[in-house]
Amino acid sequence: MRRRQLGTTAALLLGLAGPARAQRRPVRLVVPAAPGVAIDVIGRLFAARLSETLGTTWIVENRSGANNTLGAAEVANAAPDGQTFLVNADIHLMARQVMRSVPYDPVTDFTPIARLATAPMVLVGNPRLTPEGGVAALVAAMRAEPTKFAFANSALGAMGHLATESFKRAIGVDSLVVSYRGTAPALTDLIAGNTALMVAPLGSALPQIADGRLRAYAIMGPRRSPRAPDIPTIAEQGLPGLDFTLWYALWAPKGFPEAEADRLNAAVQALSAHPDIRARLAEQGAEPVAEDRASFRRFIDAEAGRNARIAEQAGIVPE
């Protein structure tokens, strides 16, 4: 089965492999974040598999800073010759909502290739500061004393921030949101009791949920997670429409040939079917996406529109 899968992937990539071998230049995969975070791990996973299949070298280059815009700007300015790609998370679409003078348009200045993976988010609380009894009990407590329930947030405009603002709006409570430089410091402050709540990546929060340092209230998505089947969704608890799932994707610069982009999308989908990649993604609390480029474009348009509306409603402004 594995040999058959690898053969299928090789065939899909044949059109891309020829020019790459002829040029004998490494392909640059820019990660606009620090080594070790989910974007980096997922990007390196796919880069390694594409290197094996193509017979060329994909080099991951970390260009972190400015809410992921520094690395993205580098790719936006690169030639669309198949030598430079970007792997980024959902915050890519929020660039102009959270940063002043972003030198690119996150939608029109890139060629979308494929979503690589998605990962669920979970509403969690510090057990010393939040009530038992599920979302209903939490909402009642927040409405009674909203100033006692500050939210930690990994970054301005991140998916967790959008989920937090939407949750607040849905229940009619205006609690404080405190932004940090990443998920790890936000969770650290939450566990210490400096904040009460957070919408966090499930993979990052699960160890603390398991050992009792965090209380899990709800999965912020359309279905329960196989990794935590006992945590109900937010919709199951009476608040539908709060669907906020992390996602990671691959882009090329604007002008990258459509036929090449289609072939690379098909290759990513084939690679995503491999059991080893699925297992490695599961270690990150993620799962692969099977989606053609037309579907990915529709997803981007819908997501960008929704995110912009949430940002406007929440008063999120560029910094």
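User: Which residues of α12 are buried?

Analyst: The model is predicted, with local features requiring pLDDT of at least 70 and side-chain atom pairs pLDDT 80 or more, while totals for chains, interfaces and linings use all residues. Residues are numbered from 1 along each chain as its sequence is written, and side-chain values use heavy atoms, without hydrogens or water. With buried defined as under 20% relative accessible area and exposed as over 50% (1.4 Å probe, protein chains only), the buried residues of α12 are Arg 293, Phe 296, Phe 299, Ile 300, Glu 303, Arg 306, Asn 307, Ile 310 and Ala 311.

User: Which elements do the buried residues of α12 pack against?

Analyst: Contact means heavy atoms within 4.5 Å. Helices (H or I, at least four residues) and strands (E, at least two) are DSSP runs, numbered from the N terminus. The buried residues of α12 pack against α5 (95–98), β4 (110–119), α7 (159–171), β10 (246–253) and α10 (258–272).

User: What are the edge strands of the open sheet of six strands?

Analyst: Two strands pair if DSSP finds at least two bridges between them. The sheet has the order β2-β1-β3-β10-β4-β11, with mixed pairing. Each edge strand pairs on one side only, and these strands are β2 (58–62) and β11 (287–288).
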